[in-house]
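Have the structure open while you read.

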Amino acid sequence: MNTSFHAAKHQPGAKDLDGFRRAQRLAYDCAEAVAATLTPGVTERQAAKAMRTWVNDKGVDTWFHLPFAWFGDRSAFRGFKHPLQFFPTNRALAEGMPFILDCAPVVDGYTADIGYSGCLGDNPVLAKLRDDLAQHRALILERVNAGATQGEVYRAVDDLAGQQGYDNRHQAYPFGVIAHQVGHTEPRPRNTTAFGFGVGQVTTLLRSAIVAAPARRSPLWNRGRFSLHPPEPGLWAVEPHLGRGGVGAKFEELLVITDRGASWLDDDLPHVRRWHERGVA
């Protein structure tokens, strides 16, 4: 059975949730493991390759997208004008420099897409950004459960970021998305990627967008005219991304939406544990 992206009315069951949770934990374990190895002079390309190797060594070779790494002011997408600028570069890490690792493996057909923010050494601006993202996680869940539309949630995140003194950096992503729907797809005998994205997974996502367009709905969550409705039931990879100057930070994790309401798939994640340790959750 292919529950895939376009199953807008699909209610994820316990088996599905276990599969998505397993994929997400693998992705976060990968990001934490690679982050622990970063040293001055390591480049974005080397970090991205290390994530890919780590996941492959666990027996997983299918991707929604290949790993990304952004160092320094690239963590805030400063100066990004076209999609090719998102791909890893030879930017080298230095002491005090923020970084974001983004990893999206597909495990047994279940897609994860995560974002992990960190720093080599200390960076007080980044530390505050990472703390303040806790309010966005709570806000998104509260607004979705209150019945807000995708566009209303997007604007609420914008408003909170402004109150905190930050600017919205997820607007720099293609289509300005803060989230996108993910799903289960039948495992393929051979993983094929093009321009860094899994062909099968992206094809299904695009097919879903085409099918949903006449109803003015979309598996891409932004503040456009196709986001004037509450998010559809299913799994959504949500990634509020904030910046101040040359420092950017985000989390990205799966939000579960059913007819009964919304909840985060897993509260045992690195950023959530950090918030509890620092008393900001």
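Contact here means heavy atoms within 4.5 Å; axes are lines fitted to C-alpha atoms, for helices over the stretch in contact, and angles run from 0 to 180 degrees between N-to-C directions. The labels come from DSSP runs, helices being H or I with at least four residues and strands E with at least two, numbered from the N terminus.

This is a predicted model: local features need pLDDT of at least 70, side-chain atom pairs count only at pLDDT 80 or more, and totals for chains, interfaces and linings use all residues. Residues are numbered from 1 along each chain as its sequence is written, and side-chain values use heavy atoms, with hydrogens and water left out.

| Strand pair | Bridges | Facing residues |
|---|---|---|
| E5 and E11 (residues 241–244) | two, antiparallel | Asn-168 and Leu-242 |
| E6 (residues 179–182) and E9 | two, antiparallel | Ala-179 and Trp-221 |

H3 (residues 124–145) also meets H6 (residues 270–278): their axes come within 10 Å and cross at roughly 105°. That makes the two helices roughly perpendicular, a label for angles of 65 to 115 degrees. On the H3 side the contact includes Arg-130, Asp-131 and Arg-137, and on the H6 side His-271 and Trp-275 are among the residues involved. By class, the contact has five nonpolar, one polar and five charged residues.

Finally, the second largest pocket has a volume of about 180 Å³. A pocket is an open set of points on a 1 Å grid where a 1.4 Å probe fits, with protein on both sides within 12 Å along at least five of seven lines; lining residues have an atom within 4 Å of a point. Ten residues line this one, with Ala-48, Lys-49, Leu-66, Pro-67 and Pro-88 nearest its centre. H2 gives the largest share of the lining, four residues.

Key: Points joined across faces, edges and corners; volume = space filled by probe spheres on them. Parallel < 35°, antiparallel > 145°, perpendicular 65-115°, else oblique. Nonpolar A, V, L, I, M, F, W, Y, C, P; charged D, E, K, R; others polar. Pairing = 2+ DSSP bridges.
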